[in-house]
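Please read it alongside the sequence and the coordinates.

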Amino acid sequence: MKSVRKRIAVIGGGIAGLAAAVRLRDLTPSGTEIVVFEGSPALGGKLHTGELGGRRVERGAESFLASGSDGAESAAVAFARRLGLGEALVHPAARPAALAIGGRLTPIPGGTLVGVPGDLSALDGVALPASGADVDRGRPLLAPGADVAVGELVRERYGDEVVDRLVDPMLGGVYAGRADRLSLRVTMPQLAATAETEHTLAGAVRAAQARSRRVPGRPVFAAVGDGMSRLVDAAASAAGARVVLGLPVRELSRTPAGRWKLIFGSAPSPGVDEVDAVVLAVPASPAARLLGDPAVGELAYASVALAAMALPAGATLPDLSGFLVPPGEGTLVKAATFFTTKWPHLAREPGPVVVRVSLGRAGEEDRLQLDDASLLAVARRELGELIGAELPAPVDSWVQRWGGGLPQYAPGHADRVARLRAGLPEGLALAGAAFDGVGIPACVASGERAADDVYRFLEGN
């Protein structure tokens, strides 16, 4: 990069924006000024550690994938190590998860890829494939580059029960969405790739699993033992950025000199800044407004709520890490995590038994329109019914609402984002879940790629 002092704005202080800021700090000369604009009062976005009954309990994402499909450490693990948090990483206990079907908890069948089985004989009665399922028709399942809804492909090959009882709850646990509306290429890219060559869905699943270079014995998930807020704080410190909180960026425009002008804060007394490059790491709607492109804001989002309950010490729960609930069960509860059972570092500490319940799916926003006390009552009652035992009264509890928190990637999403990026002016890069997928590894990698793009632009100017 040339010796002229550069200024870079990162708009959005979630984990994607923070990852971009840290990468820019690593890439650019020490004199480069990085400014992070976050419209809310705090950094971290949906990463926030709360307190419940004297324990640290996440109010957002509780863990991240430890490995990528290539067998290497995930972007989130590498990021944590870059921040000096490698020794703080913890892993869940080796306990199974279950599905709540017809009033009983049933172990999730092994060998599936996000609920899509590679062996229809190993479903253990959880779901019955359609008669004559998955016939080889002498051609690949997908044309090169094509995209379909996950549910469309799996229903056509395996039948309705496999989608309704297995795939829907698995995808719902991650995206709070329905398989019939979610892109195969975004949510299961490895399966989309093998479906371009395989003639059966079972063959495509097995091929995708074979391509995944998972290291034997390496845990699937990881978390920061002291809470995700520690990851946020460490990233903010490593970025060495000037942080502007509570003043959302309202306008973004190009100056005649080729710089970027930002107007932020309230309309009556706006702030103005100029920078040489911008990483835009905000959700779809504000991104559309800043880009002046309404089509960007057409991405739908699901709203969810988390209800956390601290039960008296010694309270008995099933010996599981948690369970998922298929939409057909009709409950507002879509998933539950037995938090203190799942995480051994918490189980070793004295204190209450913590359960975290996820409520609401895409299209069910009206069902979340209850006050916190009523929502907690529903969570406690349904959870007791699903595990077959009434829960004791909690000694502490809270509700965390994430309105419009989870993007719903319709088929063709990846192509739409590629076209959007191809049309961006130089010096502006996009990052975050709105574009590149949910999950901490995806957001970290997205932020780092955006930082790389901005750095390449600045090097040439």
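Two strands count as paired if DSSP finds at least two bridges between them. Helices (H or I, at least four residues) and strands (E, at least two) are DSSP runs, numbered from the N terminus. By that rule S1 and S2 pair in the parallel sense over five bridges.

The model is predicted, with local features needing pLDDT of at least 70 and side-chain atom pairs counted only at pLDDT 80 or more, while totals for chains, interfaces and linings use all residues. Residues are numbered from 1 along each chain as its sequence is written, and side-chain values use heavy atoms, with hydrogens and water left out.

**Seven-stranded sheet**

- Seven strands make up an open sheet of mixed pairing, in the order S8-S7-S18-S19-S20-S17-S21.
- Strand S8 (104-107) and strand S21 (396-408) are the edge strands, each pairing on one side only.
- From one strand to the next, the twist averages 25 degrees.
- Strand S17 (residues 300-311) pairs with S21 in the antiparallel sense, over 10 bridges.
- Within this sheet, Ala-305 stands opposite Arg-401 in S21.
- Helix H12 (residues 372-387) lies across strand S7 (97-101), S8, S17, strand S18 (322-324), strand S19 (333-338), strand S20 (353-359) and S21.
- H12 runs at about 75 degrees to S17; axes here are lines fitted to C-alpha atoms, for helices over the stretch in contact, and angles run from 0 to 180 degrees between N-to-C directions.

**Three-stranded sheet**

- A further open sheet has three strands in the order S5-S11-S6, with antiparallel pairing.
- Its edge strands are S5 and strand S6 (89-90), each of which pairs on one side only.
- S6 and strand S11 (residues 221-224) pair in the antiparallel sense over two bridges.
- Leu-89 stands opposite Val-224 in S11.

**Strand S1**

- Strand S1 (residues 7-11) is mostly covered, five of its five residues being buried (buried means under 20% relative accessible area, exposed over 50%, partly exposed in between, with a 1.4 Å probe and protein chains only).
- In a regular strand the side chains alternate between the two faces of the sheet.
- In S1, Arg-7, Ala-9 and Ile-11 point one way while Ile-8 and Val-10 point the other way, and all are buried.
- Ala-9 stands opposite Val-35 in S2.

**Helix packing**

- Two packed helices are described by the angle between their axes and the distance between the axes.
- For helix H2 (residues 75-82) and helix H15 (residues 440-459), the axes come within 7 Å and cross at roughly 70 degrees.
- Ala-75, Ala-76 and Phe-79 of H2 make the contact with Ile-440, Pro-441, Val-444, Ala-445 and Glu-448 of H15; contact means heavy atoms within 4.5 Å.
- The residues of the contact of H2 with H15 divide into seven nonpolar, no polar and one charged (Ala, Val, Leu, Ile, Met, Phe, Trp, Tyr, Cys and Pro count as nonpolar, Asp, Glu, Lys and Arg as charged, and the others, Gly among them, as polar).

**Aromatic pairs**

- The structure holds three aromatic pairs; rings of Phe, Tyr and Trp (its six-membered ring) pair if their centres lie within 6.5 Å, and planes under 30 degrees apart count as stacked, over 60 as edge-to-face and the rest as tilted.
- One of them is tilted, because the rings of Phe-37 and Phe-264 have their centres 5.0 Å apart and their planes at 55 degrees.
- This pair links distant parts of the chain, with Phe-37 in strand S2 (residues 33-38) and Phe-264 in strand S14, 227 residues apart.
- Phe-37 is buried at a relative accessible area of 2%, and Phe-264 is buried at 13%.
- The rings of Phe-323 and Phe-338 have centres 6.0 Å apart and planes at 65 degrees, so this pair is edge-to-face.
- Phe-323 lies in strand S18 and Phe-338 in strand S19, 15 residues apart, and both are buried.

**Two loop residues**

- Ser-67 is found in the loop between strand S5 (64-65) and H2.
- With a relative accessible area of 16%, Ser-67 is buried.
- Leaving aside its neighbours within four places in sequence, Ser-67 is in contact with Ala-72, Glu-73, Ser-74, Arg-218 and Val-220.
- Gly-258 sits in the loop between strand S13 (249-254) and strand S14 (260-264).
- Gly-258 is partly exposed, with a relative accessible area of 26%.
- The C-alpha atoms of Gly-258 and Val-275 are separated by 9.6 Å, the two residues being 17 residues apart along the chain.
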